[in-house]
Amino acid sequence: MLAFFAGAVVFVALTLYALLGGADFGGGVLDLFATGPRAARQRELITHAIGPIWEANHVWMIVVLVVIWTCFPAAYARIGTGLHIPITLLLVGIVCRGVGFVFRSYDTQRDEVHQRWSLLFAAGSVLSPLMLGTSVGAIASGRLLTDPATGGPRDGFITPWFSPFPLTIGAFTLALFTWLAAVYLTVEADDHTQEDFRRRGLVAGTLAGALAFLGLALGLREAPTVIGSLLGSWWSIPFHVTTLLVAFGALAALATRRYRVARVLTAGQVVAVVAGWGTAQYPWILVDELTFDAAAAPDAVIRVVLAVIVAGGVSLTPAFVWMYRVFKGGTVLQG
Amino acid sequence: MEDLLAARTQMALSLAFHILFSVVGMAMPLFMVLAEWLGHRTGDPTWTELARRWAKGTAITFAVGAVSGTALSFELGLLWPRFMEFAGPIFGLPFSLEGFAFFFEAIFLGIYLYGWNRVPHRAHLAAGIGVFISGMASGAFVVTANAWMNTPAGFTLGPDGEVTSIDPVAAMLNPNALSSVLHMLAASLASVSFAVLAIHAAMLRREPHNDFHRKAVALALGVAVVGSSLMPLTGHLAGETIAHTQPAKLAAAEAHWETEPYAGFLIGGWPDEEAEVTRGALHVPALLSVLAHGDPAAPVTGLKDIPKADRPPVAVVHVAFDLMIACGLTMLAVAWSGAWLAWRHGAVPTHPLWLRIATFTGPVGLVAVEAGWTVTEVGRQPWIVTGVLRTADAVTPMPGLWAPLLTFTVMYVVLGVLTVLMLLRQFRHSPAQPPEVR
């Protein structure tokens, strides 16, 4: 039972990471596509939107890591072994994104220097969600299997992630984060860039939808356990109907310029994606290889970690509220 | 390149890189908060301008520290999966706490950096104090986890080496935790104050009457005096603890071969690991026994009483240890001579020779941090968890580890150079006097 709660913490933290940190990556992607007469203004808005908060948002990923390695050490070890390559690329992306962004903010504002840092920031912002999604896709497809003879990964270090399904999930994650960022930015923009972000949001949202269907189709063969559960459980029909309605609602709200509604529905879509994945994957932490219960650390450990999470969460809330009130006050808390 | 060596090199490189940005990220908030507070108190806008400049430096180093720290969290699993499978649950508690300290730090820093005109003065200063406290707490938790690797506690092993019970709190309160944490926190203040001092001393040499750099030197010197004076005290505590808990590490640090009472303290020299002697060292009789056990007649374990397979690389640890002490003594001399000059003249020391020395000794604190870290980490070898798990048994089965090593080396070298250039740029142009109030 304790393992279930620790697993829930992982998925809640992942959801928050997607909603907050994911949008920061999406902001970097939109920075790459900042074009047209208002390109500079778009970049300015992106910088303004993510500058004060991206580092705090990024900590959700640290929480995910620490909870996995403390509460599910066997899973952490196998993820680190089997997904060594995509995770290394993810790290390169995380480093480039953070450094590119900060250097762009603090270096001289000459155009060519600014563009060089922007490129680093944007490249990192594309690579990170791509590799994060690919890693998730590899876990969900159940190919991180251990070879009983050697104790190493049965399928080697490349094929488990370098396959159509995981890569599609990577591309889907990238599109989803970009869509989310574009929708957030439509609310924060107060000029013509609102239209720019609206169009980009519609494109990214449509792409995300198409990639979701492609992922489902590929997953039937490549990720039978998770996709089977996603399509064949008692909750499948209500879940998919709701998700589809929310997705179309989000796109419709964006198309008709109801930006605040679009923001709620797009965020709801992200929550549904992570929740659907988590539910379909349960009880596996690594599909077809290791369950949450089998990977779980002793109860004494999980109990302490959950106590820290609860105490930390309670004490952090006022600080988070303060931060968002100061920087997003006009758009989040009074909206 | 052998995979184990590649993995160790990548880990060493990542830690050596990250530790510099962590110490800067831990100590810089103190500087910016003190400057801002002095600005409020005296009404002198120069202090406030200083706080703003230092805040920019903090922002850059914090970001680089945050991303390289994220990389490290992953690298633990990428390079040492068997270590993490064993140790993750046992030393996860301080990391969980660190996660929350890091959250507070990031939130308060966001408010501090972007909130100059958005939150009231007092709240802004409070956010800065929050950055400093949570940054120090973060550092303390990470060092606690590292101390566990040196002196593992809080678990029991079954007959086949499997973990049978875990007490995460006892693991966190392991024997090395307190002394390591104190030494590391003091080291961050001492090393960073020297780096800050050097930058502003260099500027003051060029513009001797610039009030901005005078104030900066004054504040940095104050922190340097306190920080460098804490180093021998906390270092002594750490040494005593290691004498009891990790005799092999102490023996390697001192290149001490024979178990004997009245053990001498060796300065310099080169340990010959084949012949099991140290040549060319300066020998201070009985000092090691006194320092390690507080009694000249107390025997100090020598390397010959430690099986060859369990000895750390002696030469590296000994040289790093002596380098650390030399840097520490240099810092004491520079800081206290500066304090003496300030007391004699009743003003910020502007003596050209002292400023020149302060400029050139800027990196010694950071060198000492790297050297001390080498003593801790290399001195723990061949174990990744002392006495329980060998580093060689913890490495990933993934082949071709030269590739990620190359990736990280290129990335960190480029990043290190860029960051230093970026930091220098923040201070190269001193503001006009009096600085405009923004």
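Trainee: Where is B:A255 found?

Mentor: B:A255 sits in the loop between α9 (247-253) and β3 (265-267) of chain B. Helices and strands here are DSSP runs numbered from the N terminus (helices: H or I, at least four residues; strands: E, at least two). B:A255 has a positive phi of about 50°, although it is not a glycine. This is a predicted model, in which local features need pLDDT of at least 70, side-chain atom pairs count only at pLDDT 80 or more, and totals for chains, interfaces and linings use all residues. Residues are numbered from 1 along each chain as its sequence is written, chains are lettered from A and ligands numbered from 1 in the order in which they are written, and side-chain values use heavy atoms, with hydrogens and water left out.

Trainee: What is the omega of the peptide bond from A:Y282 to A:P283?

Mentor: Omega is near 5°, and this peptide bond is cis. A:P283 lies in the loop between α11 (259-281) and β1 (284-286) of chain A. In chain B, the peptide bond from B:Q381 to B:P382 is cis, with omega near 5°. B:P382 belongs to the loop between α13 and β7 (383-385) of chain B.

Trainee: How many bridges join β1 and β2 of chain B?

Mentor: Strands pair if DSSP finds at least two bridges between them. Here three bridges join β1 (residues 155-157) to β2 (residues 163-166) of chain B, and the two run antiparallel. B:L157 has B:V163 as its bridge partner in β2(B). The two strands form a hairpin with five residues between them, and B:G161 in the turn has a positive phi of about 80°.

Trainee: How is a pair of packed helices described?

Mentor: Two packed helices are described by the angle and the distance between their axes. Axes are lines fitted to C-alpha atoms, for helices over the stretch in contact, with angles from 0 to 180 degrees between N-to-C directions. The axes of α1(B) and α7(B) (residues 177-206) come within 8 Å and cross at roughly 80°, so α1(B) is roughly perpendicular to α7(B) (under 35 degrees is roughly parallel, over 145 roughly antiparallel, 65 to 115 roughly perpendicular, the rest oblique). Contact means heavy atoms within 4.5 Å. Residues of α1(B) including B:I19, B:V23 and B:F31 meet residues of α7(B) including B:M184, B:L185 and B:V196. The residues of this contact divide into 13 nonpolar, three polar and no charged (Ala, Val, Leu, Ile, Met, Phe, Trp, Tyr, Cys and Pro count as nonpolar; Asp, Glu, Lys and Arg as charged; the others, Gly among them, as polar).

Trainee: What is the volume of the largest pocket?

Mentor: On a 1 Å grid over the protein atoms alone, a cavity is a set of points where a 1.4 Å probe fits but cannot get out, a pocket is an open set with protein on both sides within 12 Å along at least five of seven lines, and lining residues have an atom within 4 Å of a point. Points are joined across faces, edges and corners, and a volume is the space filled by probe spheres set on them. The largest pocket has about 1200 Å³. Of its 50 lining residues, the closest to the centre are B:L15, B:H18, B:L72, B:V142 and B:W373. α1(B) gives the most to this lining, with 13 residues.
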